[in-house]
Amino acid sequence: GTSGMKDNSLQDHYTHADGIMLAVSACLVLFALCLAPLYGTWVEAILVGGPALAVLAAIKVLMPGSTLSRVAMAAGLMVLAALHIHQTKGMIEIHFGIFALLAVLLYYRDWLPIVVAAVVTAIHHFSFYMLQAGGAEIWLLPNMENGLWAIVVSLAYIVVESSVLVYMSISLQKTHLQASEIMDVTLRIVKDDELDLTCRSSGSSPL
């Protein structure tokens, strides 16, 4: 009954949000192509951006609104942000994209994608730092001077932002579910142009 209504309400929202995230991902791939001429990173833009977008689109079509879809979208956004950082040889300003995309994930009203994105970013920062420090042609920072300290500070900000976003996402989900229950009860009360005052709420919300 009410539980099923809540599940359907969230499912519909997640499916809609998947579409938003896929559109954002497409814009990020387009941006990667725009960045490619800067340092000749066409290969990276195509081989990373193309498959990432294709995988996200396939998951959106095959498993819309699923937990896997939300996790994949979150990870995909961070992968594309990492691509941009590499393409600009670690330009500090491009790192801001990570914070912006974390905020975008709040639209899901689910804490899981935010946590996944934060973990993926942490793994990216530490692994790319080690690779760049080892001389690989992979970029995280414009130079390695105070590099480890810069990463620690960056991740500290990510942890703080993610923590706030997780709290906000839980609160927003509760608000969404309560609004959906109000709509459901209202529709049941006035069903078939008759008032049915025997309808009751689930008892799980202030309603």
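This is a predicted model: local features need pLDDT of at least 70, side-chain atom pairs count only at pLDDT 80 or more; totals for chains, interfaces and linings use all residues.
1. On the overall make-up, the chain holds 6 helices and 0 strands, and from the N terminus on its elements run α-α-α-α-α-α. Of its 207 residues, 40% count as buried. Among contacts between residues at least 6 apart in sequence, 72% join residues that are at least 24 apart.

2. Helix H1 covers residues 2-39, and Pro37 lies in it. With a relative accessibility of 53%, Pro37 counts as exposed, the cut-off for that word being over 50%. Pro37 and Gln87 are 50 residues apart along the chain, while their C-alpha atoms are separated by 9.3 Å.

3. Turning to the pair H2 and H3, the axis of helix H2 (residues 42-62) comes within 10 Å of the axis of H3, and the two cross at roughly 170°. That angle makes H2 roughly antiparallel to H3, since angles over 145 degrees are counted in this way. The crossing of H2 and H3 is left-handed. On the H2 side the contact is made by Glu44, Ala45, Val48, Gly49, Ala52, Leu56, Ile59 and Lys60, and on the H3 side by Ser69, Ala72, Met73, Gly76, Val79, Leu80, Leu83, His86 and Gln87. Sorted by type, the residues of this contact of H2 with H3 are 10 nonpolar, 5 polar and 2 charged.

4. The next pair is helix H3 (residues 67-87) and helix H4 (residues 96-105), whose axes come within 10 Å and cross at roughly 165°. H3 and H4 are therefore roughly antiparallel to each other, and their crossing is right-handed. Here Ala74, Leu77, Met78, Ala81 and Ile85 of H3 meet Ile98, Leu101, Leu102 and Leu105 of H4. The residues of this contact of H3 with H4 divide into 9 nonpolar, no polar and no charged.

5. For H4 and H5, the axes come within 9 Å and cross at roughly 160°, and that makes H4 roughly antiparallel to H5. The crossing of H4 and H5 is right-handed. H4 brings Ile98, Leu102 and Leu105 to the contact, and H5 brings Pro113, Ile114, Ala117, Ala118, Thr121 and His125. Of the residues in this contact of H4 with H5, 7 are nonpolar, 2 are polar and none is charged. A reader who compares the lists will find Ile98, Leu102 and Leu105 of H4 both in the contact with H3 and in the contact with H5.

6. A last point concerns charge, and it starts from the general idea that side chains of opposite charge can pair when their charged atoms come close. The count for this model comes to 1 salt bridge, in which the side chains of Arg70 and Asp110 meet at 2.8 Å, taken from N to O. Arg70 lies in helix H3, whereas Asp110 lies in the loop between H4 and helix H5 (111-133), so the pair ties together parts that are 40 residues apart in sequence. Are these two residues buried or exposed? Arg70 is buried, with a relative accessible area of 7%, and Asp110, at 7% relative accessibility, counts as buried too, the cut-off for buried being under 20%.

Key:
Residues are numbered from 1 along each chain as its sequence is written. Side-chain values use heavy atoms; hydrogens and water are left out. Axes are lines fitted to C-alpha atoms, for helices over the stretch in contact, and angles run from 0 to 180 degrees between N-to-C directions. Helices (H or I, at least four residues) and strands (E, at least two) are DSSP runs, numbered from the N terminus. Angles under 35 degrees count as roughly parallel, over 145 as roughly antiparallel, 65 to 115 as roughly perpendicular and the rest as oblique. A crossing is left-handed if the near helix is turned anticlockwise from the far one by less than a right angle, and right-handed if clockwise. Contact means heavy atoms within 4.5 Å. Ala, Val, Leu, Ile, Met, Phe, Trp, Tyr, Cys and Pro count as nonpolar, Asp, Glu, Lys and Arg as charged, and the others, Gly among them, as polar. A salt bridge is a side-chain nitrogen of Lys or Arg within 4 Å of a carboxyl oxygen of Asp or Glu. Buried means under 20% relative accessible area, exposed over 50%, partly exposed in between (1.4 Å probe, protein chains only).
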